[in-house]
Every structure is written in C-alpha cells, then in structure tokens.
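I opened a notebook page for this structure and listed the places I wanted to look up. The entries follow in the order in which I went through them.

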Amino acid sequence: MAKKPRVKLPKKAKAGDMIQVKTLASHKMETGNRKDKKGNTIPRLILNKFTCTFGGKEVFSADMHPAVSANPYIAFFITATASGTYEFTWTDDAGKSMSVSKDIAVS
Amino acid sequence: MTFKKTAITAGLIAGFGLIAAACTQQKEEHMGMGHPYGDEVWSGYATATPETRAMQDDDFENPFMPYVDVAAEIYDSPQGEANKSCADCHGAPDDAEGGPMGIPMKGVGARYPIYDAEMHRPINVELRVNRCRTKYQKAKPFKYESDELLGMTGLVVMQSRGMPRVTTADQVGDELYPAWLQGKAFYYQRRGQLDLACKHCHEDNAMNMVRAELLSQGQSNGFPTYRLKWQKPGSLHRRFRGCNKNIRSIPFAYGAEEYLNLETYLAWRGKGLPVEGPSVRK
Amino acid sequence: MSKNIQQMVRVDRREALKAAGASVLALGFASTAQATPEAAAEALSKATGGAATTMSDKVKFVGLPEIAENGATVPVGISVDSPMSADNYVKHIHVFAEGNPSPETITFNLTPTGKAEVNTRIRLGKTQNVVAAAVMSDGSVLTAKREVKVTIGGCGG
C-alpha cells in the first residue's frame, strides 16, 4: 500500500503570516550504488523532484539527488497572502508522481 | 575490501575484548533482587542529539509517521473473511472507551507484553495484532517486520505515549514471572563468539563508549522506532537480532519465545519510563 | 563435536563479515568513486553557470550537527539573510557534499515568499565538508562551508 506523504500546513492564517511548511514523503531513495546479495547493482530509483504550487504557480521546488536520505524531509517558509490551495508533488525517476493538496484560509 | 572488513572485525573484537576484560574484574552477574539501575533509569532519548530529538518531537518530522498513516487506513477498513475492521471492535485508535468491545488501544503500549493464556507465554503488540487478524478478522497475519505490522504496532503503541510503563512480571506468582526469569537468564547469559551478555554493554558500560558508539541502557520504551541507521522503522526484535549478530551469535527468529521473554524482562528494567514509540533513534 | 563448533564459528564469522560489509553498503556508498573538493567546486560552477562565488556569513547552516549520529540521515538546514522581496531574493540554494560519490545532494528553488530558510536530511558517506551555495536574484553567489564528522556506529546491525 502506498504511503501518502505528510504535509504540515495550518488550515487558517492571517495575511502576512510567515509559515513553515514541513513535508515528509516515504521512499527508499535507492542510490544506484548498492549491490544485492548476488553482486548485481540495484538500479537507482529516487524521488528526484519536489514541487509546491499555489493556485497553479510554483512557489517552491527542489531537485533531489541520491544523497538525499530515505523518506525525504523538506521544510521551507511561505508568506500567507490569500486563501487557496497548495499542491505538493513528488516525482520519481520513472516519472511516477504522488500529490497532496492542502487548503488554507487567509484572513 | 577484504582487508577493510578484516580490519573492522579485528577492531571490533579488540574493542569488545577490552570491555570484556574490564568486566571480569567486576562482579560477574547482577544477582541482587532489587532493580539493577536503582533510580537511574533513562531512555535512549536522554543521550540522543538535539537533531535526532527534534525529529522525534514533531510527528511531522518523524519519518515513522507515514507508516502509521497507512496503518490507520487498515485499522478503519474491513479485513479478512470476517469483513471486520479493527475499529468495528475497538472504536477509533484514540477512543478512550475502546469501542463495542470496551478495549481501548490507549494503555496497550504501556502494559505489553502481557501473558497469553493460549500459548502460555508472553505476547507482544506485534503478535497480538496478528492474533486479532487470524482469530477475529479471519485474515492473513502480517509478516513480522513488514511495513504494515510496523505501522500497526506504531499506531497502537503511540496511543500510550507519555504513559509510564507498568509491569508486575517480577512478582513471584505473576503469570509472566517464569518468562521474566527466563528473560533475566538470557540477559546475563554470555553468548556468541565475543562471549558477551546483554549486561556487559547495557548494565556495566551504559554511558561508556564502544568505538564511536555511546552505549545506552538498552531500554525498549521507544519501540517500534525509526532508526537513522536503518533508514526505516524497525521492531524491538530486529534490534535484538542486530545486537546478537554484533556479538557474533546466531540471532533468534522474529517473535521467538526467547525474545518475548527478553522483551518481558526489559519492560521491567524500564519500568516507569514513558512510552515513546514510535521514536527516532540513531 | 569440536568440528561442529568450528563450523558454526566459521559460518558465524562469515555472517559477521557480511554484516560489516552491509553496514558500509547500507549507506549506498560502496562504489569506489569519491567526490573531491575540486569535483564539488566543479559541480557548483556548473550549477551557477560559472558565476564568481563569495564566502559569506549571510549564508548559515542551521540544525547541522558537528558530529552526525548516523551518516545515513544527517539533518541539514540553510538560512540565507535576504528580504525575499520581488527584487531581492534567493533564487536557488545548492547543497554539495565534498566526500560523497557525487557531490550534488539537493537544490532548492525559491520564490519571493516567506524567508530563505530550508531544511532537509542528507546522506554523508564519511567525515567531510558540506557546502551551501545561495544564488541571489542579482546573480551573485554566496557560499558557506562546514565540516560534519561522521562516525561509523557499530551497533545494532
């Protein structure tokens, strides 16, 4: 069963509030440097891209390499400006992606 | 590479050898009836770095939690031929009343392992979850150490976070007393190529270094835990197996009676410590 | 009988060696290629299009341990002194590890919002320097460097 990423974002905020967004995805982040018991290289499979959009516009993103730890944790800051939906997307080497969206009401 | 491995092994053996030598000068075994640590019982949290503590302190930073999220979905969805969910009997995980069965999840993490009248031995949270699956849900048991069972154990244990761990297993006449005795014997039994018992590291040398590793009291109150080294969640029995392999002894199977006895005994050694699972450890 | 014991010991030792090897493998850094400070500088130059870089105390590491409990999961945060306004903000923060098989770890792409502080967790194969490079909206590149000691914990397989 696929584990859904966790995102910490308050449901409500005042305009101008500085908010730390914490995200945690579940992924092995296989580096491509490891070998299995038979000596065959285990192919690289990592989440290589994280994006956060607000109203369809990118506000933050990250390009990840194999040196990012398993179960990638990314935290960053945003300024609350308007009510709307934040969309968080993680994409792996195979092009598969998973998304979480969070609504925020800004007063 | 071969040289490197040999060097590592040689270093390890030399390191443990020093400890072992030092230990023989101390009394060979703790035979007193009192608690081996007296009042100085501490959790592995005490010696964790601020960075590791921070990961545990906020569930949005604790990488164990996505596994708990999956388990929460399983908890609520009908399972097996009986088509019953965990919630059908126990209510929500945090339901203080414990649903129609009146058995809340809160407190489980503080009092387990308990005595299992069916098997006449201790049963831990992992095996109890699987008992529910096979007996009441008529579903397949989860594999020990599977993501599902780790998540489910984490979900159940975290309902008791902060509660002090309780046990009366050390009392003569307690149903768990024989298991407690066996667990104690295991704890003080030298084993493996390095000929070390649990007590050599975790009783005689807690707070001392073995190579670059700060030795803990080997408390179990943080399990299941997310280990930075494993880069994934793991059970107490995985940790036991790791310890056993480190001293070059053959580990027992997951859920083995030997480990259940040890788990019972360790719960007593950490009596009063707050439940921290799912914790984060180095 | 004694032969049996010998065999057991031998198997046991092989398992132990495997375990020792596995702990190296677990970090995923078993390959022989290792990055160097030069490779990290090259990667930085590539990422910034060859712009001149300046060491600056405007770029700070936060929550980066001096001694990592385990190299597999090292928390790292970078904070850059910037107003994060539309005409003066941090565009990218690159993080490099000088001693890993390849120096790139992660690049954060920011927009003028919040403040310029990011956190993540990275793998460090051994004791080495971590380099952060902030690409500012005016094109300047500010960097910071910190050594992180990585111990190889022996316990718990």
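I started at a pair of facing residues: A:Ser61 stands opposite C:Asn109, which is in β6(C). The model I am reading is a predicted one.

I then looked up the strands around this pair. Strand β5 of chain A, residues 57-64, pairs with β6(C) in the antiparallel sense, over five bridges.

Next I asked how many residues each chain brings to the contact. Chain C brings 29 residues and chain A brings 25 residues. On the side of chain C that touches chain A, the elements that give two or more residues are β6 (104-110) and β7 (117-122) of chain C. The largest share of that side comes from β6(C), with seven residues. I also noted the classes on the side of chain C that touches chain A: 11 residues are nonpolar, 13 are polar and five are charged.

**Strands within chain A**

I stayed with chain A and looked up which strands pair with β3(A). Strand β1 of chain A, residues 6-8, and strand β3 of chain A, residues 18-24, pair in the antiparallel sense over three bridges. In that pairing I found A:Arg6, whose bridge partner in β3(A) is A:Leu24.

β3(A) also pairs with strand β6 of chain A, residues 73-79, in the antiparallel sense and over seven bridges. Here I noted A:Ile19, whose bridge partner in β6(A) is A:Ile78.

**Two domains in chain B**

I moved to chain B and wrote down its division. Domain 1 covers 2-57 + 167-281, and domain 2 covers 65-158. The contact takes 18 residues from domain 1 of chain B and 18 residues from domain 2 of chain B.

Which element gives the most to the side of domain 1 that touches domain 2 of chain B? I found that it is helix α11 of chain B, residues 257-269, with six residues. By class, this side of domain 1 of chain B has nine nonpolar, five polar and four charged residues.

**Helix α11 of chain B**

I then looked at the helix itself. α11(B) has 13 residues and reaches 18 Å from its first C-alpha to its last, close to the 18 Å expected at 1.5 Å a residue.

Among the buried residues of α11(B) are B:Tyr259, B:Leu262, B:Glu263, B:Trp268 and B:Arg269. The buried residues of α11(B) pack against β2 (121-123), α8 (177-188) and α10 (236-246) of chain B.

**Backbone details in chain B**

I looked up two cis peptide bonds. One runs from B:Phe223 to B:Pro224, with omega near -5°. B:Pro224 has its place in the loop between β4 (213-214) and β5 (225-227) of chain B. Another cis peptide bond joins B:Gly277 and B:Pro278, with omega about -10°. B:Pro278 lies in the loop between α11 and β7 (279-281) of chain B.

I also looked up two residues with positive phi. B:Asn83 has a phi of about 55°, although it is not a glycine. I found B:Asn83 in the loop between α3 (65-76) and α4 (86-90) of chain B. B:Asn83 counts as exposed because it has 12 C-beta neighbours inside 10 Å, and the cut-off for exposed is 12 or fewer.

B:Met207 is not a glycine either, and its phi is positive at about 80°. Its place is in the loop between α9 (198-202) and β3 (209-210) of chain B. Is B:Met207 buried or exposed? I noted it as exposed, because 12 other C-beta atoms lie within 10 Å.

**One proline in chain C**

My last entry is on C:Pro37, which is found in helix α2 of chain C, residues 37-47. C:Pro37 is partly exposed, with 15 other C-beta atoms within 10 Å. Leaving aside neighbours within four places in sequence, I found C:Pro37 in contact with C:Glu98 and C:Asn129. I also looked up C:Asp138, which is 101 residues from C:Pro37 in sequence and 26 Å from it in space, C-alpha to C-alpha.

Note on methods. Residues are numbered from 1 along each chain as its sequence is written. Chains are lettered from A and ligands numbered from 1 in the order in which they are written. This is a predicted model: local features need pLDDT of at least 70, side-chain atom pairs count only at pLDDT 80 or more; totals for chains, interfaces and linings use all residues. Two residues are in contact if their C-beta atoms, placed from the backbone, lie within 7 Å. Helices (H or I, at least four residues) and strands (E, at least two) are DSSP runs, numbered from the N terminus. Ala, Val, Leu, Ile, Met, Phe, Trp, Tyr, Cys and Pro count as nonpolar, Asp, Glu, Lys and Arg as charged, and the others, Gly among them, as polar. Two strands pair if DSSP finds at least two bridges between them. Domain bounds come from an automatic or database domain assignment. A residue is buried if 20 or more other C-beta atoms lie within 10 Å of its own, exposed if 12 or fewer, and partly exposed in between; C-beta atoms are placed from the backbone. The expected span of a helix is 1.5 Å times one less than its number of residues.
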